[in-house]
Amino acid sequence: MDSAGQDINLNSPNKGLLPDAMTDVPVDTVGAAQTPAAEGLTEAEEEELRAELSKVEEEIITLRQVLAAKERHCGELRRKLGLSALEGLRQNLTRSWHDVQGSPAYKKTQETLAQAGQKTSAALSTVGSALSRKLGDMRNSATFKSLEDRVGTIKSKVVGGRENGGDGLPSPAGSADKPLPGHEPF
């Protein structure tokens with residue numbers, strides 16, 4: 001297809017292609033003559049403006065054609081070099097990330113977050129020290145000592161027999177060495 005019918009819509013699946021009916025923008029000469037802006041113009045001024053409009057529209061069409069040709073050439077070069085669209089996207093993202101990291105806003109945010117992290121760490125350290133000190137004080141209190149003694153007493157009553165070599169449970173036959181009657185060992 002010739003380059004006169006090419007579109008610059010980059011989202012179009014037919015990028016670079018325009019139907020022949022859409023290559024030029026029609027101008028409504030009857031409606032344009034009746035607009036309020038045209039009422040204060042002389043015929044010569046209006047004709048001059050129409051000629052300039054036509055010229056600008058032709059330049060736009062030419063620029064679209066040139067852009068489409070450049071995009072097509074760029075695509076061919078990328079294909080020949082083995083560069084995919086995904087690779088280009090990755091490079092653009094990497095470049096953009098480096099640009100963002102170099103921006104003053106990013107640096108200021110990074111500094112602020114670092115300061116907030118240091119203050120949070122210091123606050124948590126202070127809370128941890130206070131909590132540790134409070135637990136130590138509590139452990140040395142008379143109430144805790146009394147509770148600890150009571151738990152120790154209960155433990156010794158429950159587990160006391162185990163510390164003497166037994167399991168603390170009575171044997172069903174009265175002795176662990178004698179077999180039960182009617183139950184000879186194998």
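What you have open is a predicted model, where local features need pLDDT of at least 70, side-chain atom pairs count only at pLDDT 80 or more, and totals for chains, interfaces and linings use all residues. Residues are numbered from 1 along each chain as its sequence is written, and side-chain values use heavy atoms, leaving out hydrogens and water.

Now colour by secondary structure. You get six helices and zero strands (DSSP runs numbered from the N terminus: H or I of at least four residues for helices, E of at least two for strands). Of the 186 residues, 8% count as buried, meaning under 20% relative accessible area.

Next, select H3, residues 43-81. Pick out Glu46, Glu57, Ile61, Gln65 and Ala68, which are buried here. Zoom in on Glu46: its relative accessible area is 18%, and its side chain makes a polar contact of 2.9 Å with that of Arg50 (N or O atoms within 3.5 Å, one able to donate a hydrogen and the other to accept it; sequence neighbours count only through side-chain atoms). Just after H3, click Gly82 for a positive phi of about 80°.

Methods
Buried means under 20% relative accessible area, exposed over 50%, partly exposed in between (1.4 Å probe, protein chains only).
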